[in-house]
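Me: Hi! I'd like to talk through a protein model with you. Could you bring it up here?

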Amino acid sequence: MLTPSQEEVTVQQRVAELERRFGDPADPDNPLGLDALLAADERGELLAVAEEELTAYGLNAEFVPRRLGGRLDRIDTLGRVLRGVFRRDASLGLGYGATSFLAAVAVWAGGTLEQQRRVAELLLGGARLAIAYHELAHGNDFVRNEFGATPTDDGFVMNGEKHVINNIERAEALVLFSRTDQAAGSRSHSVLLVDKSQLSADRYSYLPRYETVGVRGCQNAGIRFTDCPLPGDALVGKLGDGVELALRSFQITRSVLPSMILGGGDTALRTAVGFALDRKLYHRSVLEIPHARATIVGAFTDLLISDCLALAATRAVHLLPEATSVYAAAVKYLLPKLLTETAYDLSIVLGANFYVRDGAYGAFQKHVRDLPMISLGHAGTAACQATIIPQLPRLARTAWLTGRAAPAGLFRVRDTLPPLDTDRLVLVASGDELAGSLEGAAAHIAGDGRGRAGAYTEALTALATALEEELRSLKADCRAMPPKDRTVLASPKAYAIADRYTLLLAGAACLGVWRHQEPEDDVFLSSPAWLAAALTRLVKRLGHPLPELPDGWNDRLLDEVLNRYHEARSYDLYDTPIAGDPQTRC
């Protein structure tokens, strides 16, 4: 059993090894560098040598639980490791890695021990899995899926099509969401684990590949089955368990995928900073222009906000599984939205160079194209809001402003976690300690937290008060929500309420991260300047008046941005050393 410090060192070594293997992305002679990745993207393919390097690294082991021979024990760590891949190429992150994990989760959550061992064997041997939940005709309304797997005496017979499946041709096994009963209702679908080596070649065929604007290296295509037999041991869980198993699996995948894609946000900001430092305008660098400086500081702040919420969501899978259904949907909704807006703001700094598809600034345009595609995934914005809205009235009545706050471990960036137990995940949240952490936050800052808040005490107290007042207002609005708004026919006002709720969760996560980091462990995260900037941006979105911040807060954050740029360190909570030559950045 490793000590907490030993466990953290092990994680850092895994991240560092991945960075070492990929090398400096800016090096034109690096076969895994930016130039090679952009060229592969233009060809609409994944960079072969990069896939080979990930195989040598054993990336698939990150998706396999330790009890089955892999390295997966913490969901927050999985997101942290995969950021290094997404920082370079989202197509590679999805096409080689994350897609297999999205498929495997259903087997970890509901499969038999034999199924789990088989999937672990495939992944650890370098094979791929593909996941097929949705169909084009029904989008995120997967309960209406028509793809059928008719039960027989010795198994199933599959008929129908699945569309836009990443790696459908390259994968050795598939996880299919299939209709196994023609009756309406939540028991009409099941999850099947399909080993393609067991299928009759004349009973299935592939549909043409879909060309996409983003993640162009991903091979998204379809598959058609015609009277294709499948053995009975392909059933994952029980017959009719498909919806429940999918919704439990989504709680893990919706939590961790946004954490992974923060790597792309890092690259977008890093590219903009490099441009602002290098480009001269009117005999001065772009970085000297106040608007450019403010935009870069704002982008860095949004990355910190996003990572705070991602941290809380991924650690909640372990610590607060009874609340994860709503947290997972919230982070899957809000993070892509924040990152998309951040990328747009940064594109203004780059000006016409935003359209460049190669060279030093080509990575920015690629990440802007990739982000919306990753965000859709298996659950788009509306689907996540539809998960949140029906739960809000109940949470308003039973969980908010009740004196129950989240445990400190939810916010501790490097603390250990209890083992993942998917059986504890529930479909409807029964608690909300994260939002509950807003109660009394202002009082803490003005009291015991005054020493750490320093000159920011007054501003932080006002911002925390605004968030608590917003929670009280939201509680009243949710309790008064009409029954119709708790269904798929929810009004625009209900969707606006869900948006407000996710912003409050983000604010609570930021407050928690600041409060529960010790200065000796992390000087920056325990300082008040970044928190004041983060809460200001969130409170502004909520429409509340803003307090005046102490002089110099923006310079403090800009210094942090530039230091991390020159020293090649990540723009997230972990402040991780990344591959690159710091000398070329000075």
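Me: Which residues touch the most other members of the largest nonpolar core?
Reply: In the core of 176 residues, they are Phe-86, Trp-108, Trp-400, Leu-434, Tyr-501 and Trp-530. A nonpolar core here is a set of buried Ala, Val, Leu, Ile, Met, Phe, Trp, Tyr and Cys residues joined through side-chain atoms within 4.5 Å. Buried means under 20% relative accessible area, exposed over 50%, and partly exposed in between, with a 1.4 Å probe and protein chains only. There is also a second, separate core of 22 residues, which includes Val-194 and Phe-225.

Me: Before we go on, where does the model come from?
Reply: This is a predicted model, where local features need pLDDT of at least 70, side-chain atom pairs count only at pLDDT 80 or more, and totals for chains, interfaces and linings use all residues. Residues are numbered from 1 along each chain as its sequence is written, and side-chain values use heavy atoms, with hydrogens and water left out.

Me: Thanks! What does Trp-108 contact?
Reply: Leaving aside neighbours within four places in sequence, its contacts (heavy atoms within 4.5 Å) include Phe-63, Pro-65, Arg-67, Gln-116 and Thr-422.

Me: New topic: is Leu-94 buried or exposed?
Reply: Leu-94 is buried, at 11% relative accessible area. Not counting residues up to four places away in sequence, Leu-94 touches Phe-86, Asn-166, Cys-218 and Ile-374, among others.

Me: And how far apart are Leu-94 and Arg-203?
Reply: They are 109 residues apart in sequence and 28 Å apart in space, going C-alpha to C-alpha.
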